[in-house]
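Have a look at the sequence and the model before reading on.

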Amino acid sequence: MLYIHAIEPALQFQNLDIFSACLGVPLYLTDEDHLRIAQTWRSVQLLYLSSIVQRVIRTHKPPASIASLVYYARYCHRLKVLGLCLDASTKASVHACVQAVDACGESIPETNFSLPSPSIQMVEFGPSWLECNFDPVQINFLAKAFTRIFSNLAACRACRTEELGVPQAAWTWVKVQTLYEYILFVDQSCNANAPLSTWKSKLFSKWSLEYGRDYERVALAAPGSSLEADFDDDQNAEAFNQIMYKTARDELAKISKEHEIM
């Protein structure tokens, strides 16, 4: 396991546009570490702090909570892609995030500061901890928290880590992303910047007639499992899951390509 000391030397360079620490082992950072990084690298556009490992240490949860996302949304106004490893498996983690968002609203406004962040388009959660049983309550909590942090999130994804469940951990994040977009679709008062594709608008319109604002029922219907109420058979459901995952992968490639160093 590695900690903040592994990237400490890089923090002296405060004007970085891109930083990548895709290591062979998890990088265990605390919420305080993420706050320090966000305040130091305010101009960063692509920031990868997540591990690419397919195995994690089951007895060692990441110390950071969902609240770490708030720090990057608050201080890194040019950030487009964020990769980090955190613990999203508990209600306490989501509660810490909500408290961090509320604290931002109560603080003195900063120049060009606003939440939700319009710049962050992709979050790569790597081997972040997330329950794999498709709990609609937890998915609802996470998606609603996302609506307060991001207004332009195009995709989020994660490693298919073996200890955390294959492939459910990755699909749970797809469910969170889908429900986040649906909430923005239903609640027109939300400041959503990203237009929906035609097929997704049709799907969300169908859900709005059937489920309305019963977001936990939407969480169950959202892509992520092989049992989809909106498809005739498992084969079609699996095909849609693959489309959702490919969309996340292609979106990451598209965003990253914008910042290739020639």
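How many helices and strands does the protein have? There are eight helices and five strands, where helices (H or I, at least four residues) and strands (E, at least two) are DSSP runs numbered from the N terminus. Starting at the N terminus, their order is β-α-β-α-β-α-β-α-β-α-α-α-α.

A quick word on ground rules: this is a predicted model, so local features need pLDDT of at least 70 and side-chain atom pairs count only at pLDDT 80 or more, while totals for chains, interfaces and linings use all residues. Residues are numbered from 1 along each chain as its sequence is written, and side-chain values use heavy atoms, with hydrogens and water left out.

Now for the inside. Of the protein's 262 residues, 52% are buried, meaning under 20% relative accessible area (1.4 Å probe, protein chains only). A nonpolar core is a set of buried Ala, Val, Leu, Ile, Met, Phe, Trp, Tyr and Cys residues joined through side-chain atoms within 4.5 Å. The largest one holds 65 residues, and Ile37 and Trp173 are among those touching the most other members. Helix α5 gives the most to this core, with eight residues.

Here are some of the helices that each supply at least two residues of this core:

| Helix | Residues |
|---|---|
| α1 | 31–40 |
| α3 | 91–106 |
| α5 | 168–186 |

A second, separate core has five residues, including Leu46 and Met122.

Zooming in, Leu69 is in contact (heavy atoms within 4.5 Å) with Leu82, Phe125 and Phe150, among others, leaving aside neighbours within four places in sequence.

Terms used: Buried < 20%, exposed > 50% of the residue type's maximum accessible area, 1.4 Å probe, protein only.
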